[in-house]
Amino acid sequence: MGGMLFPLMSTGAINSILFGIYGNHLRQLRRVCHSDYQREQLEYKNMFLAGSVAGFVQSFIACPMELIKVRLQTHCYYNDYIYGQRRTAYGTFKRILKKDGISGLYRGLVPMMCRDVLPYGIYMLVYRQAANYMENSEFVRKRRTDSNATNMNLIITTFAGAWAGVLSWVCVIPFDVVKTIMQADENHKFRGIMHCVLVNYRAYGWRSIFRGSWMLLARAIPFNAATFLGYEYSLELCHSY
């Protein structure tokens, strides 16, 4: 269970930052449109841009957190104690800072940005398109009534969020694998993203950069469904006040 508490505490904060930046940037992009027609025509493009900007900004915040999580869960951290001290997120942070400085906290940033920037644009875009498609489908229109509108919205958000998560992750699994390998490497064996890919390809074959694919996709379905459920209902709650 090592490294579990830290991501549980940090995931909510990172998602809040991500969706906050996305929402604010999307509003700014909508404001520069000169008419409702232009706004409607550019809506999907603006969602993609806002999602990509949000992914770019959150990479700089999430990278140190991901690094600490990986160090807690992998490499030489298999025991509860290291160097005679109980391992903690703060202790890991101090060790990284002492050994590698501030730049050490951003190890794996490049593959993480490859994983997060454009894919978060895809993530937001796919979610909205899937939700709109389901809302306008004959299946939903026939079954939606005043009494079950909330249940239908719940189903739409769940399936659209799960679909957005799967599609956005399919494109970036190799980048996530490389990021994790680089962050777990305390001894700086890898000089960069291409060196990491080549070393692992020569040692283990091309399948090595797709390790854990099925687990990532299986995780993406419930995780992203829950993320968008939380986002939509929190937004609705805030608007009601």
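1. Arg219 lies in helix H9, where helices (H or I, at least four residues) and strands (E, at least two) are DSSP runs numbered from the N terminus. With 39% relative accessibility, Arg219 counts as partly exposed; the scale used here calls a residue buried under 20% relative accessible area, exposed over 50% and partly exposed in between (1.4 Å probe, protein chains only). The C-alpha atoms of Arg219 and Asp36 are separated by 38 Å, and the two residues are 183 residues apart along the chain.

2. On the source: this is a predicted model, in which local features need pLDDT of at least 70 and side-chain atom pairs count only at pLDDT 80 or more, while totals for chains, interfaces and linings use all residues. Residues are numbered from 1 along each chain as its sequence is written, and side-chain values use heavy atoms, with hydrogens and water left out.

3. The protein has nine helices and two strands. Read from the N terminus, the order of the elements is α-α-β-β-α-α-α-α-α-α-α. Taken along the principal axes, the box filled by the C-alpha atoms is roughly 60 × 35 × 35 Å.

4. Of the 241 residues, 42% count as buried. Contact here means heavy atoms within 4.5 Å. Among contacts with a separation of 6 or more, 77% are between residues 24 or more positions apart.

5. The protein exposes about 14,300 Å², of which carbon and sulfur atoms supply 63%; accessible areas come from the Shrake-Rupley method with a 1.4 Å probe, and for residues only the protein chains shown count as cover. There are 27 positive and 15 negative side chains, and the centres of the two sets lie 9 Å apart. Lys and Arg count as positive and Asp and Glu as negative, with His and the chain ends not counted; each charge is placed at NZ of Lys, CZ of Arg, CG of Asp or CD of Glu.

6. The largest pocket holds about 1,000 Å³ of space. A pocket is an open set of points on a 1 Å grid over the protein atoms alone, where a 1.4 Å probe fits, with protein on both sides within 12 Å along at least five of seven lines; lining residues have an atom within 4 Å of a point. Grid points are joined across faces, edges and corners, and the volume is the space filled by probe spheres set on the points.

7. The lining of the largest pocket has 36 residues, and Glu66, Lys69, Arg115, Trp169 and Arg219 lie nearest its centre. Elements giving two or more residues to this lining are H1 (5–31), H2 (36–73), H4 (109–135), H6 (149–170), H7 (173–184) and H9 (213–240). H2 supplies the largest share, seven residues.

8. Asp116 lies in H4 and is buried, at 3% relative accessibility. Leaving out residues up to four places away in sequence, Asp116 touches Gly55, Gln58 and Ser59. Glu135, also found in H4, is partly exposed at 33% relative accessible area. Under the same exclusion of residues up to four places away, Glu135 touches Val140, Arg141, Arg144 and Ile156.

9. His188 is found in the loop between H7 and H8 (193–204). Most residues other than glycine have a negative phi. The phi of His188 is positive, near 55°. His188 counts as partly exposed, at 37% relative accessibility.
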